[in-house]
Amino acid sequence: MSRFDQEWALVPTGARWTAALVALAFTALMAGIFLLPALAEHNMKAFLILSPFFLLTLLGAVPIAIYVLLLGYVWGDARRRGMSHVTWTLLALFIPSAVGIILYFILRDPVPVPCPSCATPARKGHAYCASCGTAVRAACPHCRQPVEPGWRNCASCGQALQPAAAPAAPG
């Protein structure tokens, strides 16, 4: 399964159907505005002139559908990350010009790491599983706070960390 397929699976089926229905409704509305008056008057010349404008309105349905799909993605992704998915979806919906969606992508939490022992998700900042106590990230030997690979000192207590095993010097 590709990365796109994994992310696409986060979009709820309801959001996919809603995007399709909203795009279809927008297209039908534009057809009613542009084409139906010409067809009602049996004016084929006006119909042929207005048809390209109607086709251009189909391009307007695509961004609307993408916006709905992005809202669905925010819902699914926030749930996966253990964030308040309802709050983030409402913010993404009501903050205008897609700024809410952009804010979500900037401020979202990292994906929790599953515990190797019991598969309980461990959030960022947790070095040990809250369920079984198994280490899920490297931790400072002094204060037990999570540390990143490559750090020389713990950011919490300043304790010097053991360097990773260095390769043997050629000789």
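The following legends describe close-up views of a predicted model. Residues are numbered from 1 along each chain as its sequence is written, and local features need pLDDT of at least 70, side-chain atom pairs counting only at pLDDT 80 or more, while totals for chains, interfaces and linings use all residues. Side-chain values use heavy atoms, with hydrogens and water left out.

**View 1. Salt bridge between Glu-7 and Arg-3 in helix α1.** The structure holds five salt bridges, a salt bridge being a side-chain nitrogen of Lys or Arg within 4 Å of a carboxyl oxygen of Asp or Glu. The pair of Glu-7 and Arg-3 has an N to O distance of 3.2 Å. Helices are DSSP runs (H or I, at least four residues), numbered from the N terminus. Glu-7 is buried, at 12% relative accessible area, whereas Arg-3 is exposed, at 61%. Buried denotes under 20% relative accessible area, exposed over 50%, and partly exposed the range in between (1.4 Å probe, protein chains only).

**View 2. Salt bridges of Asp-77 with Arg-80 and Arg-81.** The closest N and O atoms of Arg-80 and Asp-77 are 2.4 Å apart; for Arg-81 and Asp-77 the corresponding distance is 2.8 Å. Arg-80 and Asp-77 are separated by about one helical turn because they are three residues apart in helix α4 (residues 44-80). Asp-77 is buried, with a relative accessible area of 0%, and Arg-81 is also buried. Arg-80, at 30%, counts as partly exposed. A network of salt bridges links Arg-3, Glu-7, Asp-77, Arg-80, Arg-81 and Arg-108.

**View 3. Nonpolar surface patch that includes Val-99.** Patch residues have over 30% relative accessible area and no salt bridge, nonpolar side chains (Val, Leu, Ile, Met, Phe, Trp, Tyr) being joined within 5 Å and like charges within 9 Å. Val-99 lies in helix α6 (residues 99-107) and is partly exposed, at 37% relative accessibility.

**View 4. Lining of the second largest pocket.** Lys-124, Gly-125, Arg-137, Pro-146, Val-147, Glu-148 and Trp-151 line this pocket. A pocket is an open set of points on a 1 Å grid over the protein atoms alone where a 1.4 Å probe fits, with protein on both sides within 12 Å along at least five of seven lines; lining residues have an atom within 4 Å of a point. The volume, the space filled by probe spheres set on the points, is about 160 Å³. The lining comprises three nonpolar, one polar and three charged residues.

Note on methods. Areas by Shrake-Rupley, 256 points an atom, 1.4 Å probe, with all protein chains shown as cover. Helix = DSSP H or I, 4+ residues; strand = E, 2+ residues; numbered from the N terminus. Nonpolar A, V, L, I, M, F, W, Y, C, P; charged D, E, K, R; others polar.
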